[in-house]
Amino acid sequence: MALPPLIPSVVIIGAGNVGCTLGRYLYSRGLTISALVERDGMKLEQARAAVLASSYNKELKGIPAQPGAILLCVQDQKISVLAERLAAIDRNWEGVFVAHTSGIVASDALQPLQQRGAVIGSFHPIQSFPSSY
């Protein structure tokens, strides 16, 4: 049974185990994955087979103009730099929900986005993720 979406669409940055598993799950629950962004071309191609998304991009500029939410499913040490890179994109961040999936890094790593108007948080599902999705 699909849940009515509170957020019209989700962008997932990072096509590793967490990003692909969450993408598949969220899609199965009725959410639109508007973009999947992954710099590694091989991982991006593997993600195409695993996650049904509206677009697949190697660059952040591929993020839709009005994403409902953005999930950063990247390594812990990349979260702050990614937040800064996203905040530098000239767009309206007001009300966009941005969260990372680290269980160690605090949500304040996303402060550059909050300063631009985004709602920030961290989302760490307490479970392991399969290496094949």
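Me: At the start of helix α2, which backbone nitrogen does a side-chain oxygen of Asp40 reach?

Reply: A polar contact is a pair of N or O atoms within 3.5 Å; within protein, one must be able to donate a hydrogen and the other to accept it, and residues adjacent in sequence count only if both atoms are side-chain atoms. Here the Asp40 oxygen comes within 2.8 Å of the backbone nitrogen of Met42. This is a predicted model, in which local features need pLDDT of at least 70 and side-chain atom pairs 80 or more, while totals for chains, interfaces and linings use all residues. Numbering runs from 1 along each chain as its sequence is written, and side-chain values use heavy atoms, without hydrogens and water.

Me: Which residues of α2 are buried?

Reply: Buried is under 20% relative accessible area, exposed over 50%, partly exposed in between (1.4 Å probe, protein chains only). In α2 (residues 41-50), Leu44, Ala47 and Ala50 are buried. Down the axis of α2 they fall within an arc of 115° (directions from the axis to the C-beta atoms), so they line one face. Met42 and Ala49 are exposed on the face turned away from that buried side. The cover over the buried residues includes α1 (17-28), β2 (32-37) and β3 (56-57). Helices (H or I, at least four residues) and strands (E, at least two) are DSSP runs, numbered from the N terminus.

Me: What does the side chain of Thr21 reach?

Reply: Thr21 lies in α1. Its side chain reaches the backbone oxygen of Asn17 at 2.7 Å. Thr21 has a relative accessible area of 17%, so Thr21 is buried.

Me: In which sense do β4 and β5 pair?

Reply: Strands pair if DSSP finds at least two bridges between them. β4 (69-72) and β5 (97-100) pair in the parallel sense over four bridges, with Leu72 opposite His100. The chain crosses from β4 through α3 (79-87) to β5 as a right-handed β-α-β crossover (clockwise from first strand over helix to second, strands pointing away from the viewer). β5 also pairs with β6 (119-122), parallel, over four bridges; Ala99 stands opposite Gly121.

Me: Which residues touch the most other members of the largest nonpolar core?

Reply: A nonpolar core is a set of buried Ala, Val, Leu, Ile, Met, Phe, Trp, Tyr and Cys residues joined through side-chain atoms within 4.5 Å. Of the 21 residues in the largest one, these are Ile13, Ile70, Leu86, Val98 and Leu113. β1 (9-13), β2, β4 and α3 each give two or more residues, with the largest share, five, from α3. A second, separate core of 19 residues includes Ile12, Ile33, Leu71 and Ala99.

Conventions: Contact = heavy atoms within 4.5 Å.
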